[in-house]
Amino acid sequence: MSGLPHSSPGSVTSTPPAAPGGIRMDAFVYDDAIVRKFLAATVVWGCVAFLVGLVVALQLAFPAANLGIEFTSFGRLRPLHTNAAIFAFAGNAIFAAIYYSTQRLCKARMWSDKLSALHFWGWQLIILCAALTLPLGLTQGKEYAELEWPIDLLIAVVWLGFFGTNFFMTLKVRRERHMYVALWFYIATIIAVTVLHVGNSLAVPVSATKSYSVYAGVQDAFMQWWYGHNAVAFFLTTPFLGMMYYFLPKAADRPVFSYRLSIIHFWSLVFIYIWAGPHHLHYTALPAWASTLGMLFSVMLWMPSWGGMMNGLLTLRGAWHKVAQDPILKFYVVGITFYGMSTFEGPMLSIKTVNSLSHYTDWTIAHVHAGALGWNGFMTFGMIYWLAPRLFQTELYSKKLASAHFWLGTLGILLYIIPIYAAGLTQGLMWRAFDDAGQLKYPEFIETVAAVIPMYWVRLIGGSMFLAGALLMAWNVLMTWKARPAVYAEPVHDAPPLFPDYDDGVAPASELTANIKTGKKLDVWVKAFWHRVWERKPLKFSLLVLVAVLVASLFEIIPTFLIRSNVPTIASVQPYTPLELAGRDIYIAEGCYNCHSQMIRPIYAETKRYGEYSKPGEFVYDHPFQWGSRRIGPDLAREGGKQSSLWHLYHFYDPNQSSPNSIMPRYTWLITQDTPFSGIQARVRAMAMLGVPYGKMVNDGAAEKAARDQAKAIADDIRRQAGPSGLPEQYPADLENKKVVALIAYLQRLGVDISKPPPAEAGAATASTTRGH
Amino acid sequence: MSEQNQVAVGHEYDGIREYDNPTPGWWHLIFFATVLFSAFYWIIWEMDPDAPTLASTHEKQQAAVYKMQFAKLGTLKQDEATLLSLMGDSKWLAVGESMYKANCASCHAADGHGMVGPNLTDDKYGNVKAPLDIVRVIADGANSGAMPAWRNRLNGNELMLVSAYVASLRGRNLSGPGLANDHEVAPWPQAPAKPDGQTGSSNAARPAGSTGDGVSLAPSASTQPNG
């Protein structure tokens, strides 16, 4: 790496500063120790994320695999898997890539070693907090944004305060005049993730471990998927494109295919991606205009995404013979190919009619894993194999093992996604199948689950192979590390500092002769000289990215919040009673939303199965919304009154008893643990702060008393329903104190308000204490 | 693509160079096509006040199925003769069966032998003395909510069809749990003769569904389903 000749930045020559004694040279050393740390964390957390994925995949095929322990139940582990994969594995990989490449692209050491260290240890602390709190059921109940508010604050500080500051200050002290395209993508990543994380995570705390989203219902859903989709965009796409732009030409030793293409696909990606979030909410209670915008911008996103793929694959022109021999390039070719497939599939899935079939099914899961395993996984693996020998300053321990990893990983991905695509299609088609008499062909939901279980087993094989490959890599990296020198060499580099005055030269003239003025202007414009100027102004560049992200966001956010007709009110929809609220919090803590949606779409096959479709006005008190994204179990939007409370009690104790073949785990702890009645008052008050009309229920002790009364009424009902012989002995005598009763209170309330008469007078706005018996 | 005459733009970063290849024509073509498509889509679907909405599309779908299902049936009378004649009609029993499986099987089991809810296949009933009582129990619920009320979820015809199917389960005599107030019920009466080969006592071919018959089984706003 050392001794690279200093090349004049840009095609335009400029006058050196008139410093006495010629050009002053700075000597500097890159900080590779921090990259080694992030690399090790990537390998370790990657294996953990894949392992937890395997565990939850096993639980879907074989529910008893949770061993009946609450901390390992699917609803709590699945968020751990997604968070580990996104923020621990991909996160650390991004940081390794950024810390390694930014220093070299800027010809400068990271601005502050202290901030680098704070960033590394802060991020690992966040991961540790996630690994501890998610199994405990401490969650905000929004996908990929589950972590509770103190951890959210920590994320903001570490991301922007430590990482962002360090990165932007490094740009400021750089010795390379122009920023290479990889840096543009890093800038977009840091800015957009900050905006998204802060925007979506705003919450009112109830205690140190519990908070409520400030948004409710339709607005919360919109914010969540604005965040959720752009987590894909700015955490799993832009930084990985930056990674590709640095490590691929390095590994292939080929120039990047097209500078112009990188400009056009960067800006179109940054501006268009932001709009696409609502495609996660097609056919829901989200206003149709937002859903349409989400679809159209997703369609328009196809070519900007493929711009990245083309710049990757076409960079390999003239180097294909190397691909056959080099496992690193193999990883890159397959990774970029998966990127191209996913970014074609994404726009396709965002088309409403396609989405009506794919939504809530495993199709989405397959799509995500094609991207996560294929694109994020393989790009990271390629980078690790390229970095390991350079960082540990020795040969890679075994190229053969790396090749084995590549084949295990590739076959593993295929064995994962193919059965899961099949499962998604199968279940989606079964849900909508009608017989000749206009009746659902598969009226029992459980039939549609049983049909896909065999495919879950095949997926398990694919996932195991992918994990096995990652373990080979971990071994390979470990053995490479073991062969490191006693002391790492720290080559000293030199480069002149940037001098303040810089002449960009003149814009190239148009070579067109016979055209009108506008044509000539356009001809000059496409030569992108103006962009070359931006590339040496990090502050301006970053502000332009911020403007692109904000403008695109506000176009959708402002109307979502301000237009009243988006959420027509329904007079009979009232706040949850205190007990129902406590039950809802149990629903969220157990992660029920990971398997059950609460959103019936206006599609006849759906209203036939679940009842009247969901209306926006039904969710105005839902902080956070719980619409869900996958129906591993049936929709619950109209669950209230559908089953007896007694049935629910039996069903929580052993779902298989009341629904043979069910893959829902047993929730025995809900029957033994007490509802935290004393904490209900604070929860009601927090909700009241958010504008939920709780009236006198906020008074001292009112909420707790109401909750205890309602719990007593439900427990009495259950005993009556059990008949004279009473409940079996496994159910406690003080059933009213147990969590299961609070949860049943919530479930019995779901979707019933819409068929009630509106409250007679304003005073009735106080939540009724007798409801839900 | 222009493989032959690649032009390096003279940029070099840490040894990485860039070509200035033009973006391929098809890339521009497809990109502009998606933009154009989006503009037209927006104009057609979001700016035309008469464009179909999700709600109106759903209503159409629902109306079509109701028409197919109930054009012949009209609005069923909620009397014993109608129920008995439905029990004798395999086509309509199949419709009832599908509703039963979607809504009732979780408690009474797919074959009716009972789980949390009682056995429906033997001669013993808790809250039923005559066939029409089945309709009432399904509509209003029973046993302190152990049997939920369905009048807000099923329309009048659907209540009759699913009741007919439940009544037809009798006689399978599978073994299963009963109720405390179980008592033996006399066999169902015979179905009346059907002179025209049609289902017994249908009204005019008024499309059924959304309104029910407005008499005894209409969805009632004041009744909370197991509320």
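The legends below describe close-up views of a predicted model. Residues are numbered from 1 along each chain as its sequence is written, and chains are lettered from A and ligands numbered from 1 in the order in which they are written. Local features need pLDDT of at least 70, side-chain atom pairs count only at pLDDT 80 or more, totals for chains, interfaces and linings use all residues, and side-chain values use heavy atoms, with hydrogens and water left out.

View 1. B:Cys107 is buried at 10% relative accessibility, and A:Cys106 is buried at 0% (buried is under 20% relative accessible area, exposed over 50%, partly exposed in between, with a 1.4 Å probe and protein chains only).

**View 2. Helix H12 of chain A.** Residues 327–350 form this helix of 24 residues (helices are DSSP runs of H or I with at least four residues, numbered from the N terminus). H12(A) reaches 34 Å from its first C-alpha to its last, close to the expected 34 Å (1.5 Å times one less than the number of residues). Because 20 of its 24 residues are buried, H12(A) is largely enclosed by the rest of the structure. At its start, a side-chain oxygen of A:Asp326 comes to within 2.9 Å of the backbone nitrogen of A:Ile328.

**View 3. Helices H1 and H17 of chain A.** The axes of H1 (residues 33–61) and H17 (residues 453–482) come within 9 Å and cross at roughly 165° (axes are lines fitted to C-alpha atoms over the stretch in contact, with angles from 0 to 180 degrees between N-to-C directions). H1(A) is therefore roughly antiparallel to H17(A) (an angle over 145 degrees). A:Tyr456 lies in H17 and is buried at 1% relative accessibility. Its C-alpha is 7.3 Å from that of A:Pro419, 37 residues away in sequence.

View 4. Most residues other than glycine have a negative phi, and most peptide bonds are trans. The peptide bond from A:His623 to A:Pro624 is cis, with omega near -5°; A:Pro624 sits in the loop between H22 (604–610) and H23 (645–653). A:Ala528 has a positive phi of about 65° and lies between H18 (517–525) and H19 (529–534), buried at 4% relative accessibility. A:Asn661 has phi near 75° in the loop between H24 (655–658) and H25 (669–672), and is exposed at 55%.

Key:
Helices (H or I, at least four residues) and strands (E, at least two) are DSSP runs, numbered from the N terminus. A polar contact is a pair of N or O atoms within 3.5 Å; within protein, one must be able to donate a hydrogen and the other to accept it, and residues adjacent in sequence count only if both atoms are side-chain atoms. Angles under 35 degrees count as roughly parallel, over 145 as roughly antiparallel, 65 to 115 as roughly perpendicular and the rest as oblique.
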